[in-house]
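Keep the viewer open as you read.

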Amino acid sequence: MSAKAVNGDILQAIGGIPSETKDTVVEAIGVDKYFGAHQVLKDVSLTVKRGEVVVIVGPSGSGKTTFIRCINHLEKIQKGRILVNGHLIGYRERNGRLYEDAERNIARQRREIGMVFQRFNLFPHLTALGNIVEAPIQVRGIARAEAVETGKALLARVGLADKANSYPAQLSGGQQQRVAIARALAMRPSLMLFDEATSALDPEMIGEVLEVMKELAREGMTMIAVTHEMGFAREVADRVVMMDEGRIIEDTDPTRFFTAPASDRSKAFLARILR
Amino acid sequence: MNFDWASFWHYLFQPTSVYLHGLWLTLSLSVVSQSLGTLIGVAAALGTQSRFRAVRALVGFYTWLFRGTPLLVQIVFVYTALAAGGIFRFEDIDLGFVVIPGNIQAAIVALSLNEGAYMTEIIRAGILAVDHGQTEAAKSLGMTYFKLMRRIVLPQAIRIIVPPLGNEFNAMLKNTTLVSVIGVPELLLATQMITSATFRVFELYTVVALYYLTLTTLWGFVQAWLERRYGEPSRSVAQNPGLVAGLRKLLTRGEPVR
């Protein structure tokens with residue numbers, strides 16, 4: 001891995017922070033979520049301002065992944081509401097009750113929200129560039145030439161200019177995840193969700209992906225990241241949110257979280273994860 | 001043994017127009033019915049994934065009915081029984097340049113519906129074999145269900161679908177013989193018509209068997225090329241050889257074209 005993971009200003013490739021981005025990007029209010037009889041989210045509320053980087057930590061099974069999957073409606077919620085850029089996500093309100101929205105509207109809302117998955121989920125039948133231009137062309141209706149230009153610029157800025165025509169199977173895990181980040185950015189999202197984006201990577205590849213995430217954070221992208229990378233949290237997070245058993249038990253700045261956590265469960269968690 | 005080699009060679013290499021018309025019907029019925037059956041299969045396979053119980057039940061009933069009854073019964077039912085029952089009669093359709101007889105329409109309907117039922121299961125298995133993460137990634141990029149099916153899931157499912165699809169078409173080539181019972185003069189009925197005039201039964205059935213064998217063998221090459229083309233997801237279509245180049249490589253037993 002000789003190529004640098006970041007070459008310059010990444011967001012410049014998509015024209016900076018999208019103009020639709022509101023001052024309050026995410027507003028989750030009293031979210032309850034059940035898998036069958038098991039309640040995985042209990043009255044979760046979280047507000048994320050424009051440009052904020054929020055890292056969600058917590059033991060496995062604490063609901064952190066489920067929560068960010070609710071933010072782009074990959075999971076339904078049973079109570080509460082989630083707004084992104086002021087739009088109610090996944091539901092429509094009628095007479096004070098929430099009804100699941102039409103598929104077309106949900107798809108439209110998801111354009112504003114980029115998501116990066118633990119297992120990359122690149123499209124194996126498309127090249128790296130093909131992965132990036134697919135949604136801009138098919139969903140946003142952008143002309144192919146323009147999408148390709150943006151796609152190449154994004155690839156260059158995540159250090160993969162020479163991999164445009166490679167298929168996912170020909171790329172390392174770290175390279176695949178950088179393509180996945182570029183793919184999400186190509187839709188010009190207001191918000192980026194990272195669901196354990198480095199957890200499936202070999203240790204030597206974690207750095208290159210974190211480097212891209214850190215650069216995005218520095219450039220002012222609004223981000224929510226579920227991660228076990230405490231270094232990332234310490235370095236770039238504006239807030240650390242600790243979840244346990246479906247609840248947010250602490251929401252504070254990283255310095256405070258790492259030096260003087262308020263709850264015993266946070267202390268126990270930190271003691272385990274920091275060895 | 002009573003085998004007239006002269007008749008055999010004659011009918012093998014100088015087929016009459018009746019025979020050639022039969023060959024044309026066999027091929028065109030197979031291609032048209034397989035194509036329609038595949039389209040039905042795609043639609044019905046998507047139906048099996050529907051969130052509406054009624055749609056799933058309808059598809060379940062369809063596959064149950066057409067996989068649970070003999071194709072020969074279906075053919076006679078569609079053409080003869082429906083007409084006899086006064087429900088529906090296939091009339092000849094004049095397209096101006098060509099007339100499509102009612103029995104050929106009925107043959108296409110019966111073969112396509114039967115094939116669709118099998119293709120439903122094959123395509124459903126292909127769709128289910130695609131990792132769910134692909135659907136989630138496509139959704140998170142703002143794709144609607146039909147778009148993500150068409151652009152992301154089905155192209156990957158093809159890899160799973162192509163081998164059994166090849167077997168289906170092989171079977172289809174041979175199953176077209178069944179429409180001879182409703183008077184469609186495809187290869188088998190053409191052979192029967194010639195034998196009733198010449199009584200060269202042994203020779204002509206040997207010839208017709210060889211014709212089918214040739215058709216299925218040629219299809220085997222096409223199938224191998226298809227599997228090669230769609231076999232590996234990481235390989236681009238552009239990097240693959242065309243049909244002719246692929247066949248040449250296959251015939252010369254060369255290394256698979258990369």
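1. Which helix of chain B does Glu203(B) lie in? Look at H9, which covers residues 201-231 of chain B. Bear in mind throughout that this is a predicted model.

2. Is Glu203(B) buried or exposed? It's buried, because its relative accessible area is 2% and the cut-off for buried is under 20%.

3. Leaving aside residues up to four places away in sequence, Glu203(B) touches Asn2(B), Phe3(B), Asp4(B), Ser7(B) and Phe8(B). There's also a polar contact of 3.4 Å between its side chain and that of Arg200(B).

4. The unreviewed UniProt entry lists residues 26-270 of chain A as "domain: ABC transporter". Across that stretch the chain is 37% helix and 28% strand, with 27 Å between the C-alpha atoms at its two ends.

5. While you're in chain A, have a look at strands E6 (residues 91-94) and E7 (residues 97-100). They run antiparallel and are joined by 4 bridges.

6. What do E6(A) and E7(A) form together? A hairpin, with 2 residues between the strands. Check Asn95(A) in the turn: its phi is positive, at about 50°.

Definitions and conventions. Residues numbered from 1 in each chain as written. Chains lettered and ligands numbered in written order. Predicted model: local features only at pLDDT ≥ 70, side-chain atom pairs only at ≥ 80, totals over all residues. Heavy atoms only, no water. Pairing = 2+ DSSP bridges. UniProt positions renumbered as here; feature names shortened; annotations may be inferred. Buried < 20%, exposed > 50% of the residue type's maximum accessible area, 1.4 Å probe, protein only. Contact = heavy atoms within 4.5 Å. Polar contact = N/O pair within 3.5 Å; in protein donor to acceptor, adjacent residues only side chain to side chain.
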